[in-house]
Amino acid sequence: MTAEILGSAVQHGVIAMLIQLALWPLFGVWSAGAIAVALFLGREIAQHEYKGDGPKAENWDYGLLQHWNLDSCLDVALPLLFCVSLASLVWALRYYRART
């Protein structure tokens, strides 16, 4: 794994957390995280479709099933990890405050 791949994935994670924080007042912390991760998943699927013959020339599931590698998996997995971590931290703090 190169530093470029890891750096890109961490940047995606930070951006996903910023999206989650921006959408939190509108949708709640868990839903905002899900929206942020869905954006990155959709982006990766679209990039995979364009690696083929383009979205109109391929089957509907082409981007979902083809061209996945470590880089593209990390570009989705790290935003998921960052958003779940933030939402879990918020949940734990709310739980702790309610108990004290």
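Hi everyone, let's start with one word: contact means heavy atoms within 4.5 Å of each other. Keep that in mind as we walk along the helices.

A quick note on the source: this is a predicted model, where local features need pLDDT of at least 70 and side-chain atom pairs count only at pLDDT 80 or more, while totals for chains, interfaces and linings use all residues. Residues are numbered from 1 along each chain as its sequence is written, and side-chain values use heavy atoms, with hydrogens and water left out.

Let's begin with S72, which sits in helix α4. Helices here are DSSP runs (H or I, at least four residues), numbered from the N terminus. What is S72 in contact with, once neighbours within four places in sequence are left aside? The partners are E44, H48 and H67. S72 is buried, because its relative accessible area is 4%; buried means under 20%, exposed over 50%, and partly exposed in between, with a 1.4 Å probe and protein chains only.

For background, most residues other than glycine have a negative phi. H67 is partly exposed, at 34% relative accessible area.

Now for the other two partners of S72: E44 and H48 are among the α2 residues that meet α4. How do α2 and α4 lie relative to each other, roughly parallel or roughly antiparallel? Their axes, which are lines fitted to C-alpha atoms over the stretch in contact, with angles from 0 to 180 degrees between N-to-C directions, come within 9 Å and cross at roughly 180°. The two helices are therefore roughly antiparallel, a label for angles over 145 degrees. The residues of this contact divide into 13 nonpolar, 4 polar and 2 charged. Nonpolar covers Ala, Val, Leu, Ile, Met, Phe, Trp, Tyr, Cys and Pro; charged covers Asp, Glu, Lys and Arg; the others, Gly among them, are polar.

V84 in α4 also belongs to this contact. V84 and V37 are 47 residues apart in sequence, and 9.7 Å apart in space from C-alpha to C-alpha. V84 is partly exposed, with a relative accessible area of 37%.

Finally, α1: A9, H12, G13, A16 and Q20 are buried there, and the buried residues of α1 pack against α2 (29-51) and α4 (70-99). After α1 comes G28, whose phi is positive, near 95°.

Technical notes
Angles under 35 degrees count as roughly parallel, over 145 as roughly antiparallel, 65 to 115 as roughly perpendicular and the rest as oblique.
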